[in-house]
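Q: I have not seen this structure before. Could you walk me through it?

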Amino acid sequence: MTSTDMKLDEFSDIARLFFEHRQLASKIIPFAIDAKSNDGAHDLAHIARVWANARRIAEVEGGDLEVIVAAVILHDCVAVEKNSPLRKKASFLAAERATEILQSIGWSDDRCSLVAHAIQAHSFSADVKPQPLEACIVQDADRLDAIGLIGVARCFYTAGRMGTELYNVSDPKGDSRELQDRCFALDHFPAKLLKLSANFRTKQGAKIARLRHQLLIDFYNGFLDELAGNGCVDS
């Protein structure tokens, strides 16, 4: 089996996760990941997790699932590294590319606009307020993948890719210095991750976020306890 065949099998496997929308998914999943990207925190597995989150929220909140599916699959279709000066424009670039992809399979301008807005608004750095329910669900679903234990794993994975240190050895918590999450992975918790649960847009998303937020707090406090020697057990 060639690498191309393996990739097609992977696309097919992911498309099945979209159930009644797998026909749409199979058409656009090949465009979901930028060909130049090797970011394991924003890969097909990430898309599968965001979809699982979005579906769980939509089962309670409602919304147009076709729009949500398209936005979830294409929300990272343009790769921009975390340390790039273009990072704040990433979701706008992805929205433009998503519009081109959806127009090519016959979507109307109005429905493309709904997907484009959801993609623009999903990004924390873009600071775009989601308006319709579908955009709120996509933003919540994506942010759920940034918190909890998966969020911890993604944080440290990304830090490794960026060559970031684990923590500031002289002041791990940042009590007497400015937080620098581009330099220290642990700083990313108070700088961003621990703030996310307060800004969820749907009731169901917020409910799930509260549970995952507690896992973040437990990890962060436990990490600091170990650094202070409080996690040691005498033999």
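This is a predicted model: local features need pLDDT of at least 70, side-chain atom pairs count only at pLDDT 80 or more; totals for chains, interfaces and linings use all residues.

Q: Where is Ala 90 found?
A: Ala 90 is found in helix H5, which covers residues 90–104.

Q: And how far is Ala 90 from Ser 125?
A: The C-alpha atoms of Ala 90 and Ser 125 are separated by 8.8 Å. Along the chain, these two residues are 35 places apart.

Q: Stepping back, how many helices and strands are there in the chain?
A: The chain has 10 helices and zero strands. Read from the N terminus, its elements run α-α-α-α-α-α-α-α-α-α.

Q: What about the radius of gyration?
A: The chain has a radius of gyration of 19 Å. For 235 residues, a compact globule would come out near 18 Å, so the value agrees with that expectation. Along its principal axes, the C-alpha trace spans about 65 × 45 × 35 Å.

Q: What share of the residues counts as buried?
A: Of the 235 residues, 46% count as buried. The chain exposes about 12,300 Å², and carbon and sulfur atoms supply 51% of that area.

Q: Among contacts between residues at least 6 apart in sequence, what share joins residues at least 24 apart?
A: That share is 64%.

Q: Back to the helices. How many residues of helix H4 are buried?
A: Helix H4, residues 65–74, is mostly covered, with nine of its 10 residues buried. Among them are Leu 65, Val 67, Ile 68 and Val 69, and the run from Ala 70 through Ala 71, Val 72 and Ile 73 to Leu 74 is buried as well.

Q: What covers the buried residues of H4?
A: The cover includes H2, helix H3 (44–61), helix H5 (90–104), helix H6 (109–122) and H7.

Q: H7 came up there. Is Gln 139, in that helix, buried or exposed?
A: Gln 139, which is found in helix H7 (residues 133–144), is buried, because its relative accessible area is 1% and the cut-off for buried is under 20%.

Q: Which residues does Gln 139 touch?
A: Leaving aside residues up to four places away in sequence, Gln 139 touches Ala 121, His 122, Val 128, Pro 130, Asn 199 and Arg 201.

Q: New topic: how many disulfides does a search of the whole structure find?
A: The search finds zero disulfides. Cys 112 is in no disulfide, and the nearest cysteine sulfur, that of Cys 77, is 12 Å away. Cys 183 is in no disulfide either; the nearest cysteine sulfur to it belongs to Cys 155, 13 Å away.

Q: How do those two stand in terms of relative accessible area?
A: Cys 112 is buried, with a relative accessible area of 2%. Cys 183 is partly exposed, with a value of 34%.

Q: What about phi of Phe 19?
A: Phi of Phe 19 is near 50°, a positive value in a residue other than glycine. Phe 19 is found in the loop between helix H1 (3–16) and helix H2 (22–28). At 42% relative accessibility, Phe 19 counts as partly exposed.

Q: Finally, how many positive and negative side chains does the chain have?
A: There are 28 positive and 33 negative side chains. The centres of the two sets lie 3 Å apart.

Terms used
Residues are numbered from 1 along each chain as its sequence is written. Side-chain values use heavy atoms; hydrogens and water are left out. Helices (H or I, at least four residues) and strands (E, at least two) are DSSP runs, numbered from the N terminus. The radius of gyration is taken over C-alpha atoms; the globule rule is 2.2 Å times the number of residues to the power 0.38. Buried means under 20% relative accessible area, exposed over 50%, partly exposed in between (1.4 Å probe, protein chains only). Contact means heavy atoms within 4.5 Å. Accessible areas come from the Shrake-Rupley method with a 1.4 Å probe; for residues, only the protein chains shown count as cover. Lys and Arg count as positive and Asp and Glu as negative; His and the chain ends are not counted. The place of a charge is taken as NZ of Lys, CZ of Arg, CG of Asp or CD of Glu. A disulfide is a pair of cysteine sulfur atoms within 2.5 Å.
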